[in-house]
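Have the sequence and the model side by side as you read.

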Amino acid sequence: MNRVVITGIGMLSSLGVGHEEVWPKIKDGISGVDFLKKVDASDLKTKFGAEVPESFNPEDFMDAKEARRSDAFIRFAVAAASLAIKDSGIEISDKNSHLIGSYIGSGIGGIQTFVDNTLVYNDKGPSRVSPFFVPSMVPNMAAGYVSIFNNLKGPNCAACTACAAGAHSIGYAAMMIERGDAVAMVAGGAEAPLVHVAISGFNVMRAISTRNENPSAASRPFDKDRDGFVMGEGSGLVLLEDLEHAKKRGAKIYAELIGSGMSGDAHHITSPNIDGPVICMESALKNSKINYDDVDYINAHGTSTQQNDINETNAIKKVFNSHSTDLLVSSTKSITGHLLGAAGGLEAGITALSLHEGIVPPTINLDNPQEGCDLNYVPHNTINKDIKIAVSNSFGFGGTNCTLIFKKFED
């Protein structure tokens with residue numbers, strides 16, 4: 001099979017536009033969580049989130065007309081794709097466009113578009129619904145727009161697997177390169193969930209934090225005082241490429257994707273159990289042809305919810321046995337918030353940069369670890385270490401799981 005490497009990274013999050021802005025803040029542990037500015041949160045229990053900064057201008061990446069009639073998750077994906085493609089230096093032409101594709105997931109899709117058109121329908125009737133309602137709402141349109149705007153005629157797909165969508169999209173895109181269906185894929189996730197009704201939905205589930213007195217300290221994975229995750233928005237995409245294709249054009253290589261694993265909890269629609277993550281990580285190790293004690297670092301799913309953090313910790317202990325005490329494990333969601341379907345894509349880029357630079361990012365706000373959460377979560381401060389193999393976990397509602405395994409590139 002063809003080897004798959006990452007040659008481009010596109011990030012858009014509350015920390016900035018492009019990995020040149022995002023990555024330094026992650027290394028420094030600077031929280032991207034603040035009070036909501038684009039949402040009227042006066043009647044919400046949660047009044048904060050991780051919003052894309054106001055400095056982001058979608059017209060830097062797409063025509064103004066297209067920007068107006070597309071949902072935010074599409075705009076985020078188009079921007080991140082442009083950044084990833086530019087970063088990779090790959091040239092897309094009529095000669096190779098059929099071998100380059102997009103696989104971009106979203107857990108929710110165009111929820112603001114759905115809400116806006118539902119209100120129009122109720123107030124003014126069916127004839128006033130926008131003709132762009134459906135094309136801006138369906139979750140695959142991030143991949144569709146990226147394909148159209150960049151002339152990508154290769155595979156064009158989307159995973160819609162809740163908080164594992166970005167990671168699943170990367171895993172499946174890599175498989176397409178491995179078997180020769182494509183030489184390169186733009187892959188990851190995009191999400192724009194900071195909408196009044198969505199925040200309300202997570203509030204009534206008691207899934208998101210209500211630490212309104214100190215938003216930047218609200219995302220605190222593995223801490224005993226955590227009270228839920230922090231919603232974020234944006235897009236994380238990587239340019240996956242066949243190694244020989246990348247070498248031939250002299251591309252910069254961040255890391256190699258050596259395997260993935262997928263599983264289902266078969267347990268509960270929202271509550272996790274240990275079986276799914278264990279099967280998922282074990283499958284990824286098997287597919288990567290490595291032993292559990294070869295792994296140096298895990299970028300954990302680490303949502304800052306009561307059930308996920310202890311469950312993931314116990315799953316890591318079961319899979320990695322005595323080696324779990326030697327692992328470095330951190331949750332960058334403590335810094336970025338949880339981007340739902342975009343989280344796995346963003347964290348794949350972070351993990352690749354960690355390998356490339358020999359830097360393990362911290363888990364911030366971890367002041368008092370919960371009993372049983374006793375791994376080395378890299379609290380507060382970055383660690384400089386020449387890590388060789390790293391894991392990125394993503395788990396979603398419905399018990400859907402994905403583990404990606406990356407290796408420091410060595411020819």
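How many aromatic pairs does a search of the whole structure find? It turns up eight aromatic pairs. Keep in mind that this is a predicted model. A search of the whole structure also finds 17 salt bridges, while the count of disulfides is zero.

**Aromatic rings**

- Tyr103 and Tyr172 make a stacked aromatic pair, with 5.9 Å from centre to centre and 15° between the planes.
- Tyr103 sits in strand E5 (residues 100-105) and Tyr172 in helix H7 (residues 165-178), so this pair ties together parts that are 69 residues apart in sequence.
- Buried or exposed? Tyr103 is buried, at 10% relative accessible area, whereas Tyr172 is partly exposed, at 34%.
- Elsewhere, ring pairs link Phe56, Phe61 and Phe76 into a cluster.

- Side chains of opposite charge can pair when their charged atoms come close.
- Lys27 and Glu357 join through their side chains in a salt bridge, at 3.2 Å from N to O. That pair links distant parts of the chain: Lys27 belongs to helix H1 (residues 19-27) and Glu357 to helix H13 (residues 343-357), 330 residues apart.
- What does Lys247 form a salt bridge with? The partner is Glu244, and the closest N and O atoms are 3.8 Å apart.
- Lys247 and Glu244 are both in helix H9 (residues 243-248), three residues apart, which is about one turn of the helix. Lys247 comes out as partly exposed, at 35%, and Glu244 as partly exposed, at 49%.

**Cysteines**

- A disulfide is a covalent bond between the sulfur atoms of two cysteines.
- The count of disulfides here comes to zero. Cys160 is in no disulfide, and its nearest cysteine sulfur, that of Cys163, is 11 Å away.
- The cut-off for a disulfide is sulfur atoms within 2.5 Å.
- Cys160 is partly exposed, with a relative accessible area of 48%, but Cys163 is buried, at 12%.

**A loop serine**

- Where is Ser127 found? Look in the loop between helix H4 (111-124) and helix H5 (133-137).
- Ser127 is exposed, with a relative accessible area of 68%.
- Going by C-alpha atoms, Ser127 and Ser147 are 30 Å apart in space, and they are 20 residues apart in sequence.

Notes: Residues numbered from 1 in each chain as written. Predicted model: local features only at pLDDT ≥ 70, side-chain atom pairs only at ≥ 80, totals over all residues. Heavy atoms only, no water. Salt bridge = Lys/Arg side-chain N within 4 Å of Asp/Glu carboxyl O. Helix = DSSP H or I, 4+ residues; strand = E, 2+ residues; numbered from the N terminus. Buried < 20%, exposed > 50% of the residue type's maximum accessible area, 1.4 Å probe, protein only. Phe/Tyr/Trp six-rings, centres within 6.5 Å; stacked < 30°, edge-to-face > 60°.
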